[in-house]
Amino acid sequence: IVGAAVVAEEIEDRTITYLFTRPIPRAAVLCGRLAAGVLLVELLLGVGSHVALALLESAAGPEEMSKLPAGMAGAMRNAAMLGGLVYTVLFAVAGALFRHPMIVGIGYAFVIEGFVANLPGENPSMTIQFHLKSRLAGLAPEYEERMRHLVHHQVLLSPDDALQRLWIVCAVAVALGILVVSRKQFV
């Protein structure tokens, strides 16, 4: 929601022309609003995941399988925050490209991420979820053991390759967003 509102909110309210009449580059407007959106998402995900993981840890029973391996809670929090960054950037660009970015975002989340990410074969490699799973599971063998039911039919990437691909997705999305905002005529 936050990512989609980065540009789409200004377009919908018809106030984007006022922002673009200022003597600053259009790309700076996009990057500034995107940075603010990412900061908000990261803050919410950081606090929310900290609370959720603390509750999970406090509810864990004495059995070994109910506890997370050492350091996995922090790795899960980092993966959630990385996912928040990538999704915010993607949906911000969708806000610049499409008239109704929330519909596109919800469609992407349910069809691509929800369905394709769980298919066997190479299909899941087209999703952000796959790369986040690869990153998290590859950080330590005990993390992969805990995640085995989530990745049982997938051949995961190395954590560094997954991270590199996520950064490439972000960079390409930001470049595309800058190109669209710089060239598109907003009426």
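In sorting residues by class, Ala, Val, Leu, Ile, Met, Phe, Trp, Tyr, Cys and Pro count as nonpolar, Asp, Glu, Lys and Arg as charged, and the others, Gly among them, as polar. The model is a predicted one, in which local features need pLDDT of at least 70 and side-chain atom pairs count only at pLDDT 80 or more, while totals for chains, interfaces and linings use all residues. Residues are numbered from 1 along each chain as its sequence is written, and side-chain values use heavy atoms, with hydrogens and water left out.

Begin with helix H3, residues 26-59 (helices, H or I, at least four residues, are DSSP runs numbered from the N terminus). Its 34 residues reach 49 Å from the first C-alpha to the last, close to the 50 Å expected at 1.5 Å a residue, where the expected span is 1.5 Å times one less than the number of residues. Next, select the buried residues of H3 (buried means under 20% relative accessible area, with a 1.4 Å probe and protein chains only), among them Leu30, Leu34, Val38, Val41 and Leu53, together with Glu42.

Centre the view on Val89: leaving aside neighbours within four places in sequence, Val89 is in contact (heavy atoms within 4.5 Å) with Leu34, Cys170, Ala173 and Val174.

Now move to Leu136 in helix H6, which counts as buried because its relative accessibility is 10%. Beyond its neighbours within four places in sequence, Leu136 is in contact with Met72, Ala75, Met76, Tyr143 and Met147. The C-alpha atoms of Leu136 and Arg77 are separated by 9.9 Å, although the two residues are 59 residues apart along the chain.

Finish at the lining of the largest pocket, where 20 residues are found, and select Ala8, Ile11, Glu12, Phe98 and Arg99, which lie nearest the pocket centre. On a 1 Å grid over the protein atoms alone, a pocket is an open set of points where a 1.4 Å probe fits, with protein on both sides within 12 Å along at least five of seven lines, and lining residues have an atom within 4 Å of a point. By class, the lining has 12 nonpolar, 4 polar and 4 charged residues, and H1 gives the most, with 5 residues.

Key
Helices (H or I, at least four residues) and strands (E, at least two) are DSSP runs, numbered from the N terminus. Buried means under 20% relative accessible area, exposed over 50%, partly exposed in between (1.4 Å probe, protein chains only).
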